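Work through these exercises with the structure open beside you. Try each task before you read its solution.

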Amino acid sequence: MNILGDYERAPNNFLVKENTHGAFVMKVDGESGGVAVEQPPAPAEPAQAADQTAQEWLRAASFKEILGSDASHKSLFVLVEHSNGEKGVLLLNKSPFSEQAEDITAIVKSAELTEILKNDIFGNYDIIIPSNLNVVKSQLIYPANEKVIAKYRQEEKFVIRETAEDYRTITVEYIEKYQMDLKWVYNVLSKNKEAERIIYEDPDPHNGFILAPDIKWDGVALENLYVLAMIHRRGVRSIRDLTANDLPMLENIRDRSLSTIREKYGVRPDQIRAYFHYQPSFFHLHVHFVSLKYDAPASTTLSAVLLDDVINNLQLVPDYYQKATLTFTRKASDKLLEMFREADRSNLTEMRSLLILYGSETGTAEDVAEGLWREARLLDVPARLYGVDDYDIENLPSESAVVFVVATTGQAKKVFRRLLQLGGNRLLDVGLADDQHEIGIDGAIIPWKKDFWENLRATALFENAKEEIDPTIMLPPKYKLIYEISADNGSSPDQSQQWHEVAVISNDRVTSEDHFQYTDDLLDRPFRLRPSDEFIKPPPRWLIGERTTLRTCFTRLFDLEMIPRKSFFQILASISTNATEKERLLDFINPENLDEFLDYTTRCRRTTAEVLRDFPETSANIPPERLFDLFVTIRPRAFSIASAPSLEHIEILVAKVFVRIRAGTFKFPRENKPVICIGPGTGVAPFRSYLTWRNRSNDPANSILFFGCRGKNKDFYFEKEWDNLATTHVYTAFSRDTEQKVYVQHLILKHADEVWEILGEQDGMAFIAGSSGNMPKEVGAAIDEIAVKHGWTEGSFLAKLETTGRMQYETACGMKRIFLIKDTVAG
C-alpha cells in the first residue's frame with residue numbers, strides 16, 4: 001500500500017488505487033483526520049475486484065466533465081456525479097512500461113500492429129498489447145467537496161511574488177484560517193496510522209523525521225521512485241520558518257534519507273532529486289525525494305525548491321527565508337490569490353514575468369538569450385528562459401511580454417511579421433545583430449537592449465524594475481560544483497609496502513573558506529554540475545560527460561581563444577577583489593570608453609586567455625564555479641559528411657574536433673535533375689558526397705560545382721577526384737594565386753549562360769554551403785544579376801528560388817568542434 005502522499009485529504013474521501021495485484025481503499029475519517037486502511041487482496045488473487053463500496057459508488061455515477069489533463073504525465077482528471085447527488089473526482093494515469101524481460105517479451109510476441117505509415121525500412125503503427133501490461137492507475141475521491149474539485153480543475157494560473165512582509169501579513173492568516181487540519185499528519189508521525197509504511201525513522205523530537213513512500217509511487221517501478229520525509233517537530237510549516245539553527249535537521253534529513261533509499265532500493269544519491277514545495281499543499285515541513293527519471297508533478301516548476309539550495313542559502317544568510325521574496329503560482333479561484341488582491345498588493349499588478357525564447361543552432365542565440373535573462377535578474381524583472389522546443393506554445397497568448405532570440409536575420413524577420421499578424425503588440429522594432437560589426441554582435445545588441453529595457457519599463461508591467469544595473473552586484477553562479485571523493489582507479493598498491501586501513505577521526509580545513517589554488521589535484525578532481533536555477537541548462541554530456549573535471553572543461557568546453565565581449569569584463573569585474581584591476585575592468589564596460597575597449601580587444605584580436613594574463617590578481621582568484629559564468633562555451637560548427645552514401649564508412653573534412661552526428665538541412669534531388677553546387681573551402685564536403693553519388697548513375701543530368709580556396713597548391717580539397725565526375729563541370733577560384741582576387745561569385749558571372757540554362761530554363765536547383773559571412777549574399781547577388789539580364793525584376797527570381805526550395809543554404813561560422821551532417825536525397 002502507498003498511503004503517505006502530498007495531497008489534501010477531504011472528509012469522508014475514498015481513494016482507490018489499482019495495481020497489478022488488485023486494489024486498496026483508504027477512507028479518511030472526517031472527524032479525526034486519520035486514515036482507516038482496508039488491506040489489499042493478496043497477490044495470489046490478482047483478479048480480485050476493488051473494494052465493493054467504491055466499486056458500487058462508481059457504477060452508480062455518471063461522467064460530468066473533464067476537470068483537466070496532463071499530457072506529459074498521461075493523466076486525466078474527471079468529475080463524476082452519483083445518482084444521489086454526491087460528486088467525486090476520478091484520477092486516471094497511464095502506468096509506465098515494465099522493464100522486466102518477460103514483460104517486454106510478451107509485448108513483442110503478442111503485439112497486434114495496425115499500420116499508420118510505411119516508408120522503406122521505417123514503419124509507424126498502432127499497437128495493441130496484453131491488457132495486464134497496459135494498466136491504468138486510478139484514484140477515486142468521493143464524496144468530493146468543492147475544495148477538492150477546485151484542486152484538480154485546470155484554471156489560469158498567476159505568479160505571486162511574496163515578500164517577507166506579505167508572508168507575515170497575508171499568508172500566515174491564510175494558513176491559520178483556511179488550511180487543512182493536520183491531525184492526519186500527527187497520526188502518522190505518532191504511528192497511530194500507517195506505521196507499516198515507514199521505511200526509516202529518526203525519533204529525535206527536534207531534528208528527527210520519518211521516511212515513507214508517497215502515494216504517487218507504486219513501490220515497484222524504481223524509475224518512478226517517490227519518497228516523502230516529514231519532520232517530527234511541530235510548528236515548522238514551510239521553508240519560510242527555517243533558519244541556520246535548522247541546518248543540522250536539514251542535513252540529517254538529506255543524508256539519512258539518501259542513505260536509506262540507496263540501501264533499500266539500490267538507487268544512488270546522484271539519481272535522486274530532493275526538494276521542498278513552496279508553497280506546499282499542507283503546512284507541516286516535508287521533503288520530496290524523487291527519481292531523476294520521474295518527471296513528478298511540480299518537481300521542476302516555480303514551486304520546487306531544492307533541498308541543497310535551501311541548505312546553501314542558510315549557510316550564507318542565516319535567516320534567508322525570513323527575508324527573501326519567494327515566487328510561486330496560484331489558480332485564479334484560489335483564496336490566497338484573493339487575499340493578495342484584497343490587500344491591494346502591487347505584486348499582483350505584476351503577476352507576470354518576462355518570457356525569453358530562443359532558437360539556436362550553434363549556441364549564439366542561446367548565449368544572447370541567457371545574457372538578457374541575467375540582465376533581467378539584475379534589474380529585478382522576473383523572467384523565464386526557454387528554448388522554443390521546451391516551451392508549450394499554446395501558453396503564448398497568455399504571456400504579457402515575450403522576447404524571441406533567433407539565429408538568423410531571415411528567421412527573425414519571419415517570426416516578427418507572423419507575430420504581428422497574430423495580433424502581437426510591438427514593443428520595439430526587430431533588432432538585427434551582425435557578427436561582422438567591429439565589436440561583433442554586441443554592436444547591435446547593446447543599443448537594442450538599452451532601448452528594450454527603457455520601453456519595457458515604460459509599460460509599467462514590472463513596477464519594481466531598476467533603472468540601471470549595478471556592475472558590482474554578483475548573481476549566484478550558474479552551477480554548483482558537487483565534488484566526488486576520488487574513487488579507486490583500478491591500480492594495485494605496491495605489495496612491498498605495508499598498507500593499513502585507518503579511520504579518519506577529524507578532517508579540519510586549515511585555510512580560509514575563500515582560499516583555493518588551481519593545483520593539479522583541483523584540476524583533476526571529478527565533480528558534477530548542478531544548475532542553480534531551473535532555467536539554466538547543463539553543458540552537453542556528450543562533450544564533457546556526466547561527471548567531469550576542470551581540466552576537461554578547459555580542454556573541451558571553455559573557449560579561451562575568442563575575443564571577449566563586454567559581458568566578460570562585467571563578470572570579471574564583479575569577481576575581482578583587486579581595486580586597481582577592478583577599476584580598469586569597469587572602465588572597459590563604460591560606454592564612453594568604446595574606442596579604448598576596441599583598441600584593447602577587437603582591433604588587436606586579443607583573446608580571452610590573453611586578457612586573463614593582463615589581470616593576474618583577479619585571474620588567480622576566480623572561484624572554480626565562476627569559470628562557467630565567465631567563459632563562453634566553444635561553439636559547434638556544422639560540417640557535412642564528405643563521402644558518398646555507404647553503410648561501411650564515412651569521410652569528413654575537418655580540423656581537430658570533437659564529433660557528434662545530426663541530420664542536415666539539404667534536400668538534394670534525384671540524379672535526373674540538373675543542379676549547381678557552390679562550396680568554397682570546407683563547404684565543398686557535402687557536394688563531394690552528393691556529386692559522387694550522382695555520377696554513379698548511368699545517365700545523370702548535368703551539374704556544376706563552383707569551388708574556391710586560397711591556392712591550388714594549398715587547400716584544393718579532393719583535387720584528384722573531380723576529374724572522375726564525368727557529368728560535373730568543376731570551376732575553381734584560387735583567391736591568393738592571382739593579383740586580383742577571384743571568388744566563386746565571379747565564376748558564376750563568368751559562366752552566366754550555363755548557370756541560367758540550369759536555373760532559368762531547366763528548372764534546376766542551387767545549393768550553397770560554407771561560411772555564413774558575405775559569401776552567400778554575394779553568390780545570391782550574382783545569380784540575381786544574371787536573372788535581371790533575362791528580364792526578371794531585381795530580387796524576384798532569387799525570391800522564387802528560395803520560396804520553392806530550389807535554392808538551399810547550409811552555412812555556418814567558427815570552427816571549434818563539429819556536428820556531422822547527414823543530408824538527404826528527396827524522392
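**Exercise 1. A histidine in a strand**

Task: Find His729 and decide whether this residue is buried, partly exposed or exposed.

Solution. Start with the location. His729 lies in strand E27, which covers residues 728-734. Keep in mind that this is a predicted model. Next, take the relative accessible area of His729, which is 36%. Buried would need under 20%, and exposed would need over 50%. His729 is therefore partly exposed. Finally, look across to Phe706. This residue is 23 residues away from His729 along the chain, and their C-alpha atoms are separated by 8.5 Å.

**Exercise 2. A glutamate in a loop**

Task: Locate Glu86 and classify its accessibility.

Solution. First, find strand E5 (75-82) and strand E6 (87-94); Glu86 is in the loop between them. Second, read its relative accessibility: 29%. That makes Glu86 partly exposed. Third, find Asn145. Glu86 and Asn145 are 59 residues apart along the chain, with 8.9 Å between their C-alpha atoms.

**Exercise 3. Salt bridges**

Task: State how many salt bridges a search of the whole structure finds, then examine some of them.

Solution. The search finds 35 salt bridges.

Step 1. Take Glu162 and Arg240. Their side chains form a salt bridge, with 3.0 Å from N to O. The partners come from distant parts of the chain, 78 residues apart. Glu162 belongs to strand E10 (residues 157-162). Arg240 sits in the loop between strand E13 (226-231) and helix H6 (247-265). Both Glu162 and Arg240 are buried.

Step 2. Take Arg374 and Glu370. Here the N to O distance in the salt bridge is 3.2 Å. Why are these two separated by about one helical turn? Because they are four residues apart in helix H10 (residues 364-378). Now check their accessibility. Arg374 has 23% and is partly exposed. Glu370 has a relative accessible area of 11% and is buried.

Step 3. Take Arg626 and Asp629. Their side chains meet in a salt bridge at 2.9 Å, N to O. Arg626 is buried at 11% relative accessible area. Asp629 is buried too, at 12%.

**Exercise 4. Aromatic pairs**

Task: Sort two ring pairs by geometry: Phe668 with Phe767, and Phe718 with Trp722.

Solution. Begin with the idea. Two numbers describe a pair of aromatic rings: the distance of the centres and the angle of the planes. The count for the structure comes to 36 aromatic pairs.

Step 1. For Phe668 and Phe767, the centres are 4.8 Å apart and the planes meet at 55 degrees. Planes under 30 degrees apart count as stacked, over 60 as edge-to-face, and the rest as tilted. So this pair, Phe668 and Phe767, is tilted. Phe668 is in strand E24 (residues 659-668) and Phe767 is in strand E28 (residues 765-771), 99 residues apart. Both residues, Phe668 and Phe767, are buried.

Step 2. For Phe718 and Trp722, the centres are 6.2 Å apart and the planes are at 80 degrees, so the pair is edge-to-face. Phe718 and Trp722 are both buried.

Step 3. Look for a cluster. Ring pairs link Tyr479, Tyr483, Phe527, Phe554, Phe558, Phe628 and Phe631. One of these rings also has a charge over it: the charged end of Arg525 sits 4.3 Å from the centre of the Tyr483 ring. Elsewhere, the charged end of Lys566 sits over the ring of Phe597, 5.4 Å from its centre.

**Exercise 5. A nonpolar patch**

Task: Name the residues of the nonpolar surface patch of about 290 Å².

Solution. The patch is made by Leu113, Tyr125 and Ile127.

Note on methods: Residues are numbered from 1 along each chain as its sequence is written. This is a predicted model: local features need pLDDT of at least 70, side-chain atom pairs count only at pLDDT 80 or more; totals for chains, interfaces and linings use all residues. Side-chain values use heavy atoms; hydrogens and water are left out. Patches are made of residues with over 30% relative accessible area and no salt bridge: like charges are joined within 9 Å, nonpolar side chains (Val, Leu, Ile, Met, Phe, Trp, Tyr) within 5 Å. Accessible areas come from the Shrake-Rupley method with a 1.4 Å probe; for residues, only the protein chains shown count as cover. A salt bridge is a side-chain nitrogen of Lys or Arg within 4 Å of a carboxyl oxygen of Asp or Glu. Rings of Phe, Tyr and Trp (its six-membered ring) pair if their centres lie within 6.5 Å; planes under 30 degrees apart count as stacked, over 60 as edge-to-face and the rest as tilted. Buried means under 20% relative accessible area, exposed over 50%, partly exposed in between (1.4 Å probe, protein chains only). A charge sits over a ring if NZ of Lys or CZ of Arg is within 6 Å of the ring centre and within 35 degrees of the ring normal.
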